[in-house]
Amino acid sequence: MITEQPHAMSPTERRAAFSIAGIFSTRMLGLFMIFPVFALFAESEFTGITGLQIGIAMGIYGLTQAFLQIPYGMLSDKYGRKPLIIAGMFVFMIGSIICAMADSIEMMIVGRAIQGMGAVAAVLMASVADLVTEQFRLRAMSIVGITIGLSFTLSLVAGPLLASWFGVRGIFWIIALLAIIGMLLVKFAMPDIKQQSFQREAEADPSQFKEILKHPQLLRLDFGVFVLHAILTAMFVVMPLTLRDSAGLESTEHWLIYLPVMLLSFALMVPFIIQAESKGKMKSVFVGAIATLTLMQLSFAFIEPSFWILFFLLLIFFTAFNLLEASLPSLVVKLSPADKKGTASGIYSTSQFLGAAIGGALGGYFYQHYGYNGVFIFTATIGGLWVLAAISMEKPLPLSIASVPIFDLKEEEIQSIQDKLMAYEGIYEVVVLPEEQRVYFKIDRKLVNEVGLIDYIEQTQKS
């Protein structure tokens, strides 16, 4: 029943996918390059600093990002994608310059908060949907997702190296330069959007918030990504200090652990991804990864650390972390209603950034009052809560969300069209929106794709 698809994206679609991925990477590098070096820098640079202040400075970007990403998307519908992306990258640059020049931890916190105010992620995803046709949109989103993962990995390696060459303040100046590069990519590399519209697959619709916030399966995923990024940010409040004190590594040498750990962790997670996606074992792999992540936090707290012990524990942690980071967005798609993916993803992303903000603050608090072990007991506790939430999760079907245009649809035809589409093999959910002249589906891509759906709808409307 599958109609043959075109084999490749058009040059404009490829340009859109790779330019937007590049813009994403400049921002991701800017946010995360300081993670492996900031705690050491802050303790030596600012007098009288507290653990709580370190944690707030690391995570505060998530608070402003969480509150502004959905408004940015809504404003971009009115004023255009490119102007909002450039404005967001400019704000990000200003925040980076403030951090580079900060002479107090309070000013550093302000700078990090302003960095987060350049919340362009939702606008970038909407731009992908505007510029790439339905049959290649999943491929374009995958290119962006892979770039985000690689950027995070590169940031952990590049941060210590750049700090050894230019200092941490130098890193913030480099981040400001990355923001300028991002703006140039928007101006000269990203294609112009000729027909912009509200993209239900990529943007949040406030009228859907209540329904999504009452969806028990999606709430589990929102809680999960909150915990995942709370653990990550809290960990990095103390991990640089642990590597210095227990592994005997100067901050300039931390990349010696992070580089092999991240490369090996990506290789180790591949068999689990295959088991989850291809063998129908998504839930068991998912819950197992959460339990492993939690166990590693307990191990950080109770096993006497040394270079090789920390290497092993970090390797297992990042294998589980990368697996969960890849699986969670996939699960959001599998479990969200067909016409509410954008809203579900927006709330999911907001939860992720709030997790970073609260994880940083609480990680700093527990470090200040209970030392390194206090942080890891905190992260293990919230990891355990996530295990309990995930165990009761519904087993997800291997489905994707797709949408195709439908023209000249009359109100009285809607039920008939829905019934005929639900009879099509590989379709599990159909939502017809006549006001948008579009149909949204939950589909099994092994059996059906957008091109086949378009052909089938045309035949159905003629019959």
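Predicted model: local features only at pLDDT ≥ 70, side-chain atom pairs only at ≥ 80, totals over all residues.
Which residues does F378 touch, not counting residues up to four places away in sequence? Residues are numbered from 1 along each chain as its sequence is written, and side-chain values use heavy atoms, with hydrogens and water left out.

**View 1. F378 and its neighbours.** F378 sits in helix α13, residues 341-391; helices here are DSSP runs (H or I, at least four residues), numbered from the N terminus. Leaving aside residues up to four places away in sequence, F378 touches A234, G359, L362, G363 and F366, where contact means heavy atoms within 4.5 Å. F378 counts as buried because its relative accessibility is 12% (buried is under 20% relative accessible area, exposed over 50%, partly exposed in between, with a 1.4 Å probe and protein chains only).

**View 2. The ring pair of Y365 and F366.** Rings of Phe, Tyr and Trp (its six-membered ring) pair if their centres lie within 6.5 Å; planes under 30 degrees apart count as stacked, over 60 as edge-to-face and the rest as tilted. Y365 is partly exposed at 34% relative accessible area, and F366 is partly exposed at 23%.

**View 3. A cluster of rings.** Ring pairs join F32, F35, Y61, F152, F236, Y258, F317, F318 and F321 into a cluster. Across the whole structure, a search finds 21 aromatic pairs.

**View 4. Helix α2 against helix α9.** Helix α2 (residues 38-45) packs on α9 at an angle of about 80°, with the axes 7 Å apart. Axes are lines fitted to C-alpha atoms, for helices over the stretch in contact, and angles run from 0 to 180 degrees between N-to-C directions. The angle makes α2 roughly perpendicular to α9 (65 to 115 degrees; under 35 is roughly parallel, over 145 roughly antiparallel and the rest oblique). On the α2 side are A39, L40 and E43, which meet F236, V237, P240, L241 and R244 of α9.

**View 5. Helix α3 against helix α9.** Helix α3 (residues 51-79) and helix α9 (residues 216-245) pack at about 135°, their axes 10 Å apart. That makes α3 oblique to α9. I54, G55, M58 and G59 of α3 make the contact with T233, F236 and V237 of α9.

Terms used. Helix = DSSP H or I, 4+ residues; strand = E, 2+ residues; numbered from the N terminus.
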